[in-house]
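Reader: Hi! I'm new to this one, could you walk me through it?
Author: Happy to, here it is.

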Amino acid sequence: ATRFPPALKPQNLQPIKKMKELSAKRFYRLPDGRYVFDMGQNFSGWNRLKIQAPAGREITLKMAEELANDTLDHGTTGIYATKVIQTERYICKGGGLEVWEPRFTYHGFRYVEVSGLVEPPGKDLLTGIVVYSSMPVAGSFASSNPQLNQLHELCKWTLTGNLHSVPTDCPAREKCGWLGDAHAMAQSTIYNMDMQNFWLKFMDDIHSTAKPELNTIRYTGLKEPRIEKYRKPAGIPTMVAPGKRFIGAASPDWGTAIVQLPWYLYKYYANSSALETFYPDMKQWVEFVGALAKERIVYIGLGDWCPPGTIDNIDCPVPLSSTAFHYNDLVILKQAAAILGKTADSKAFSDSAALVRNAFIQKFYNPVTH
């Protein structure tokens with residue numbers, strides 16, 4: 001049988017490490033004897049448990065992102081999809097102070113429910129251990145406006161909460177490397193951390209995951225029917241990379257990551273070798289999406305995914321966003337080809353971009369209402 005992958009290679013990026021420790025901000029007892037600890041911050045990681053209890057005593061920790069009526073709201077961590085509550089269990093060996101933390105998992109949470117305690121706990125029963133890929137800090141932001149500063153802090157917590165060898169969509173439910181999430185967050189990560197190795201590694205993931213030709217599905221829109229059976233050509237990326245859960249062929253608004261990420265590696269790190277390495281992938285993708293278009297408009301995609309309100313009430317139609325992404329990809333390819341000395345390609349992509357631009361304006365722009 002063919003092995004997958006055919007060879008084991010080291011990941012060329014910083015390892016996941018314990019990056020920070022959080023002390024509980026408060027804790028309180030529920031009427032049935034359980035305790036709820038508030039770690040003060042939503043984060044990705046686990047708890048360090050410090051306890052002295054009789055041998056055989058089982059301590060259960062359950063985690064969630066929010067509270068509902070003073071108890072944990074496990075709906076915030078996707079239990080409707082996983083059917084599983086984020087849970088750790090530790091059985092005490094007895095005989096003195098025991099310190100324990102898990103080694104093979106991590107969670108996304110702020111609140112912890114503790115059950116099985118004999119004595120009332122202190123705040124030091126739990127310490128939050130924040131973990132993520134250990135890229136060094138590369139940028140910072142400060143202003144005279146406290147709200148802007150806090151907003152930036154929230155953004156940094158969101159980014160580091162989803163950088164675990166791949167750019168994940170969430171630390172609780174899926175932990176998948178969705179391509180749409182990757183290109184949406186890439187520039188934010190680069191301004192804050194040294195991300196060159198991380199994004200190079202993820203481009204390798206996209207490339208290797210895209211290699212097989214697959215019978216799969218693709219997404220044709222937000223409303224039903226929005227999925228159709230599809231034969232994915234070799235080299236065209238999947239919605240998720242890497243993993244066995246590909247979630248179908250990449251839609252134009254997700255697969256654009258295969259163009260955007262190499263461009264950011266060049267734009268921010270002057271990494272022209274990355275541009276050269278992945279240029280064939282970028283070119284194949286742009287030509288593939290161009291072939292999907294009808295009169296230069298791209299009708300396939302997920303569009304403004306998860307907007308405020310409901311999916312049925314979005315202001316951004318799928319063709320508008322997918323065509324805009326296609327235009328952006330063409331402009332990037334025009335520049336990338338010129339940098340790599342591929343003059344004919346650059347001219348062809350420039351001409352295509354102009355045609356898509358005109359079609360976009362013709363279809364979506366109202367010269368009266370603007």
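This is a predicted model: local features need pLDDT of at least 70, side-chain atom pairs count only at pLDDT 80 or more; totals for chains, interfaces and linings use all residues.

Reader: Thanks! How many helices and strands does the chain have?
Author: There are nine helices and 14 strands.

Reader: And what box do the C-alpha atoms fill?
Author: Along the principal axes, the box is roughly 75 × 55 × 50 Å. Of the 370 residues in the chain, 46% are buried.

Reader: Let's look at some helices. At what angle do α2 and α3 pack?
Author: The angle is about 105°, and the axes are 11 Å apart. Helix α2 covers residues 146-160, while α3 covers residues 179-192. Angles of 65 to 115 degrees count as roughly perpendicular, so α2 and α3 are roughly perpendicular to each other.

Reader: Nice. Which residues in α2 and α3 meet?
Author: From α2 come His152, Lys156 and Leu159, and they meet Met185, Ser188, Thr189 and Asn192 of α3. In this contact, two residues are nonpolar, four are polar and one is charged.

Reader: Switching topic, where does Pro54 lie?
Author: Pro54 sits in the loop between β3 (35-51) and β4 (58-64).

Reader: How exposed is Pro54?
Author: Pro54 is partly exposed, as its relative accessible area is 46%.

Reader: Which residues does Pro54 touch?
Author: Leaving out residues up to four places away in sequence, Pro54 touches Cys92, Gly94 and Val118.

How values were computed. Residues are numbered from 1 along each chain as its sequence is written. Side-chain values use heavy atoms; hydrogens and water are left out. Axes are lines fitted to C-alpha atoms, for helices over the stretch in contact, and angles run from 0 to 180 degrees between N-to-C directions. Helices (H or I, at least four residues) and strands (E, at least two) are DSSP runs, numbered from the N terminus. Angles under 35 degrees count as roughly parallel, over 145 as roughly antiparallel, 65 to 115 as roughly perpendicular and the rest as oblique. Contact means heavy atoms within 4.5 Å. Ala, Val, Leu, Ile, Met, Phe, Trp, Tyr, Cys and Pro count as nonpolar, Asp, Glu, Lys and Arg as charged, and the others, Gly among them, as polar. Buried means under 20% relative accessible area, exposed over 50%, partly exposed in between (1.4 Å probe, protein chains only).
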